[in-house]
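We will go from strands to a helix and then to the aromatic rings.

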Amino acid sequence: MRNGISVYAGLNCELEENISLISAAANLGLSRLFTSAQIPEATDDEKFFDDFAIILAAAIENNFEIILDVSPETFSDFQLENLTLRLDDGFSIPEIAELSRAGKIQLNASTVALEDLKYLQTAAANFGNISALHNFYPHLCTGLDTYFFETQNKNLHDFGIEVGAFVPSREGRRRPPLFEGLPTLEDCRNFSTDLSARFLAALGADFIIIGDGLPTVEEREAVAKISGDEIILQTNLFTDDAATIELLSHKFTRRPDVSKSVIRAVEGRQILKSFGGNIFPNNSPTERTFGDITVDNSDFGRYEGEVQIVEDVLPADSRVNVVAAVVEEENFLTRYIRPGQKFSFRFV
């Protein structure tokens with residue numbers, strides 16, 4: 001995933017802070033920069049345009065793809081070959097089709113309708129130049145509904161369009177006037193940046209941008225680490241058994257045949273065999289409940305090493321070791337582990 005940051009000219013982040021952020025983000029491997037040519041809160045036009053030019057130059061120097069939010073009134077001022085023009089509301093479908101044939105553009109993923117996409121297809125739009133990015137929502141309680149977000153993404157993916165979204169910073173909410181964070185999903189407004197990014201990846205976002213303008217080092221690092229090919233679950237370990245820890249340190253795939261009460265990993269038994277491990281029965285079999293992570297022990301015969309995540313309340317079984325659990329506030333992520341989906345555990 002090519003993830004990124006947001007940088008805004010003319011607000012209450014000093015220019016030096018913005019330039020430092022661009023350099024630090026590039027060093028982490030972040031490669032997209034979102035900014036805007038229309039910031040009503042910027043009160044000094046001369047300072048805004050001076051800072052804006054310096055920010056764009058710094059982004060180009062650090063090899064960022066610059067995503068510039070533009071309106072029909074401002075887009076003609078920014079037809080540079082190294083810009084992706086993110087088209088805010090107000091552009092007609094014929095205009096969008098024409099712009100797509102001239103350079104890279106980005107649709108508003110939160111408002112584009114399925115009929116618009118069909119029209120772009122008939123209008124010979126260049127879909128190779130089209131991506132999409134959702135809005136962020138400064139106003140509390142106005143962020144997108146998760147189901148709507150997934151529906152919009154599916155529509156765009158069906159046309160081969162890459163879709164991105166914003167996560168908020170918890171510590172760097174410096175964007176006036178509300179300072180309530182800049183998430184795409186309302187559910188993410190009070191999540192950590194790390195959990196928000198892992199959630200968007202689980203929902204199928206193709207890239208992630210930190211919406212707030214001065215995220216912490218830890219927040220930038222969290223977004224830089226998101227790869228998009230797996231759902232990462234923060235996990236409490238209940239064991240110090242070396243073979244179990246080695247087994248759970250691998251990446252897994254959910255089986256295509258969906259079980260009623262558990263998420264079954266494809267690879268557990270094979271991984272255990274690959275390093276010659278054994279899972280011995282523990283002395284205190286316990287009831288299994290939502291979010292528990294289990295490994296079948298040697299008493300289960302050929303199933304030894306099978307890894308499962310529990311999605312029910314199940315009785316204790318001496319053949320099954322309860323070895324860890326998804327942290328409670330992240331249990332909801334397990335419902336997005338679909339058949340064939342990769343997942344892994346991060347021990348905390």
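Two strands are said to pair if DSSP finds at least two bridges between them. Helices (H or I, at least four residues) and strands (E, at least two) are DSSP runs, numbered from the N terminus. The model is a predicted one: local features need pLDDT of at least 70, side-chain atom pairs count only at pLDDT 80 or more, and totals for chains, interfaces and linings use all residues. Residues are numbered from 1 along each chain as its sequence is written, and side-chain values use heavy atoms, with hydrogens and water left out.

**Strands 7 and 8**

Strand 7 and strand 8 run parallel and are joined by four bridges. Valine 167 has isoleucine 210, in strand 8, as its bridge partner. In a regular strand the side chains alternate between the two faces of the sheet. Strand 8 (residues 207-210) sends Phe207 and Ile209 one way and Ile208 and Ile210 the other way, and all are buried. Here buried means under 20% relative accessible area, exposed over 50%, and partly exposed in between (1.4 Å probe, protein chains only).

Threonine 84 is another strand residue, placed in strand 4 (residues 83-87). With a relative accessibility of 2%, threonine 84 counts as buried. Contact means heavy atoms within 4.5 Å. Leaving out residues up to four places away in sequence, threonine 84 touches Glu65, Ile66, Ile67, Leu68, Lys104, Ile105 and Gln106.

Threonine 235 stands opposite valine 326 of strand 14.

How many residues of helix 6 are buried? The count is 10 of its 10. Their cover includes helix 5, strand 7, strand 8, helix 7 (217-225), strand 9 and strand 15. Just after helix 6, glycine 204 has a positive phi of about 95°.

Arginine 198 deserves a look of its own. It belongs to helix 6, and at 2% relative accessibility arginine 198 counts as buried. The side chains of arginine 198 and glutamate 330 are joined by a polar contact of 2.7 Å. Such a contact is a pair of N or O atoms within 3.5 Å; within protein, one must be able to donate a hydrogen and the other to accept it, and residues adjacent in sequence count only if both atoms are side-chain atoms. Beyond four places in sequence, the residues that arginine 198 touches include Ile226, Ile232, Leu233, Leu333 and Arg346.

**Aromatic rings**

Rings of Phe, Tyr and Trp (its six-membered ring) pair if their centres lie within 6.5 Å; planes under 30 degrees apart count as stacked, over 60 as edge-to-face and the rest as tilted. The whole structure holds 15 aromatic pairs, and two of them are set out here.

| Ring pair | Centres apart | Planes | Class |
|---|---|---|---|
| Phenylalanine 34 and phenylalanine 166 | 5.0 Å | 80° | edge-to-face |
| Phenylalanine 127 and phenylalanine 159 | 6.1 Å | 15° | stacked |

Phenylalanine 34 lies in strand 2 (residues 32-36) and phenylalanine 166 in strand 7 (residues 163-167), so their pair ties together parts 132 residues apart in sequence. Both phenylalanine 34 and phenylalanine 166 are buried. Tyr8, Phe34, Phe136 and Phe166 form one aromatic cluster. As for the stacked pair, phenylalanine 159 is buried, with a relative accessible area of 17%.

Charges also meet rings. A charge sits over a ring if NZ of Lys or CZ of Arg is within 6 Å of the ring centre and within 35 degrees of the ring normal. Arginine 32 lies over the face of phenylalanine 207, 4.1 Å from the ring centre. The charged end of arginine 319 sits over the ring of phenylalanine 300, 4.0 Å from its centre. Phenylalanine 300 is in the loop between strand 12 (292-296) and strand 13 (307-310), and at 23% relative accessibility phenylalanine 300 counts as partly exposed.
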